[in-house]
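Student: I've got a model open and I'd like to learn how to read it. Could you walk me through it?

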Amino acid sequence: MGQQAHTECTLAAAVGFSGLGLHSGAPVTMRLVPAPAGSGIVFRRTDLDNFEIPANGRNVARVSYATSLMRQGVLISTTEHLLSALIGYGVDNVIVEIDNLEVPILDGSALPYVDAFESVGIKRQRRRREYLRILKPVEVTENSKDGVKFIGVYPGKGYGIDYRIDFPAPIGSSRFLGDLQTGAYADLIAPARTFGFREDEATLRNMGLIRGADDTCAIIIGAGQVQNGPLRFADEFVRHKVLDLIGDLALAGRRIQGRVVAERAGHAMHTALVSKLLKDRSAWELAHDFDEEPAAVRSASLGFGAAVPA
Ligand SMILES: [Zn+2]
C-alpha cells in the first residue's frame with residue numbers, strides 16, 4: 001500500500017433524521033445535505049435564520065456528558081455520534097440542517113447514519129483530502145479521585161486507536177485496538193450504542209440531563225447486568241468509547257494520521273487533546289498523502305476488532 005492520495009467525498013443525495021435530543025428532550029428534524037469540496041462539516045440552525053456553526057475545534061463549547069459546539073452564543077449539542085459517522089465513513093463535506101439545539105440520539109449509536117449513507121451512496125469529489133499528520137507526541141493526563149485518566153496522540157501510519165476502559169461490572173476492563181483506515185468502521189464501530197447506569201438515572205433526570213432518554217437509545221445497566229439486551233458486541237462498551245473518540249477528534253477539522261491511545265478517557269479529555277494538539281503547531285502538519293501500514297502488518301498488529309486482553 002504505502003502512500004495513498006485520496007480525494008474528498010460528500011453524500012450523493014440528502015438524508016433526513018428525526019427524533020429527540022438525549023439531554024434536552026427537544027424534538028428535532030435534521031437533514032444532511034451534500035456540500036462542495038472544501039466546505040467541511042457545517043451545522044446550520046434552520047430555526048435561527050440558518051445561522052452556521054462549522055464543526056471545528058474553535059467552536060467547542062462546555063463538555064460534560066456530551067460534546068457541544070457554540071458560536072456567538074448559538075449552540076449545537078451532542079455532536080459526537082454524527083461527526084463520528086461522517087469521519088468514520090469518510091464523508092468530508094456536508095451541511096447539517098437542524099431545527100433545534102441538539103442532534104437526535106436515535107438508537108444511541110452511529111448505525112442509523114451509516115445505513116442512510118449506504119442507501120444514498122457517496123460522491124467522490126476532485127479535491128485532494130488533507131490529513132492532520134502527527135509529528136510528535138501530545139498527551140493529556142488527569143489525576144482524579146477514581147484513578148488516572150489519559151489520552152495521547154503519536155506519530156504513526158494509518159489512524160490507529162488503542163482504547164482501554166475500566167468500569168464496574170458487568171462492563172469491567174476492556175481494550176480495543178483498531179485502525180480506522182481499514183474501512184471497517186461501518187461494521188465494527190458504528191453499531192456500538194452508548195450506555196448508562198440505572199442507579200444514576202434519577203440524579204441525571206433531576207439535573208435535567210437526560211430529558212430525551214428511554215430504553216431504546218442506550219444500553220441500560222442495573223444490578224450488575226445489562227437490562228435491555230442483547231448486546232450487539234460482547235465488548236460493545238469500549239467500541240462505543242472508540243465511536244465517541246472518533247467523533248470528538250473530528251473537531252481537529254481533518255482526519256488524523258497517527259496513533260491515539262486512551263485510557264478511561266471521555267468527552268472532556270478527548271476535546272482537551274484536540275485543543276492542545278491544535279495549539280502546538282510543531283506537533284502536526286497538513287499532508288495530502290496518507291501513510292498506510294502495509295495490509296499484512298495492519299491485520300497482524302492492529303487487527304481491527306480483534307479481542308485483546310485488557
Ligand atoms: Zn457516545
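Predicted model: local features only at pLDDT ≥ 70, side-chain atom pairs only at ≥ 80, totals over all residues.

Student: Where does Gln-72 sit, between which strands?

Tutor: Helices (H or I, at least four residues) and strands (E, at least two) are DSSP runs, numbered from the N terminus. Gln-72 is in the loop between strand S7 (68-71) and strand S8 (74-77). Look at the backbone there too: phi of Gln-72 is near 45°, a positive value in a residue other than glycine.

Student: What is phi of Ala-223, and where is that residue?

Tutor: Phi of Ala-223 is near 50°, again positive in a residue other than glycine. Ala-223 belongs to the loop between S17 and S18, and with 9 C-beta neighbours inside 10 Å it counts as exposed.

Student: Which strands make up the sheet with S17 and S18, and in what order?

Tutor: The general idea is that strands of a sheet pair through backbone hydrogen bonds, either parallel or antiparallel. To call two strands paired, DSSP has to find at least two bridges between them. Here, an open sheet of 3 strands runs in the order S16-S17-S18, with mixed pairing. Strand S16 (195-197) and strand S18 (225-226) are the edge strands, each pairing on one side only. S16 pairs with strand S17 (residues 219-222) in the parallel sense over 3 bridges, and Gly-196 stands opposite Ile-220 in S17. Helix H4 (residues 198-206) packs on this sheet, touching S16 and S17, and its direction makes about 90° with that of S16. For contacts, the C-beta atoms of two residues, placed from the backbone, must lie within 7 Å. For angles, axes are lines fitted to C-alpha atoms, for helices over the stretch in contact, and values run from 0 to 180 degrees between N-to-C directions.

Student: How many of the 9 residues of H4 are buried?

Tutor: The number is 0, so H4 lies largely in the open. After H4 comes Gly-208, with a positive phi near 75°.

Student: And how many residues of H5 are buried?

Tutor: For H5 it is 14 of the 14, so H5 is largely enclosed by the rest of the structure. Helix H5 (residues 236-249) reaches 20 Å from its first C-alpha to its last, close to the 20 Å expected at 1.5 Å a residue; the expected span is 1.5 Å times one less than the number of residues.

Student: How do the axes of H1 and H5 cross?

Tutor: The axes of helix H1 (residues 80-89) and H5 come within 7 Å and cross at roughly 85°. That makes H1 roughly perpendicular to H5. On the cut-offs, angles under 35 degrees count as roughly parallel, over 145 as roughly antiparallel, 65 to 115 as roughly perpendicular and the rest as oblique. Among the residues that meet are Leu-83 and Ile-87 in H1, and Leu-243 and Ile-246 in H5.

Student: What joins S14 to S15?

Tutor: A hairpin does, through 4 residues. Strand S14 (residues 159-167) and strand S15 (residues 172-179) run antiparallel, joined by 8 bridges, with Phe-167 opposite Gly-172 in S15. Pro-170 lies in the loop between S14 and S15, and a cis peptide bond joins Ala-169 and Pro-170, with omega about 10°.

Student: Which other residues does a cis peptide bond join, with omega about 0°?

Tutor: Those are Gly-229 and Pro-230, and Pro-230 is found in the loop between S18 and H5.

Student: What is the order of the sheet of 5 strands?

Tutor: The order is S3-S4-S9-S5-S6, in an open sheet with mixed pairing. Strand S3 (15-20) and S6 stand at the edges with a single partner strand each, so one side of each is left without a neighbour in the sheet. S5 and strand S9 (residues 94-98) run parallel, joined by 5 bridges, and Phe-43 has Val-96 in S9 as its bridge partner.

Definitions and conventions. Residues numbered from 1 in each chain as written. Buried ≥ 20, exposed ≤ 12 C-beta atoms within 10 Å, placed from the backbone.
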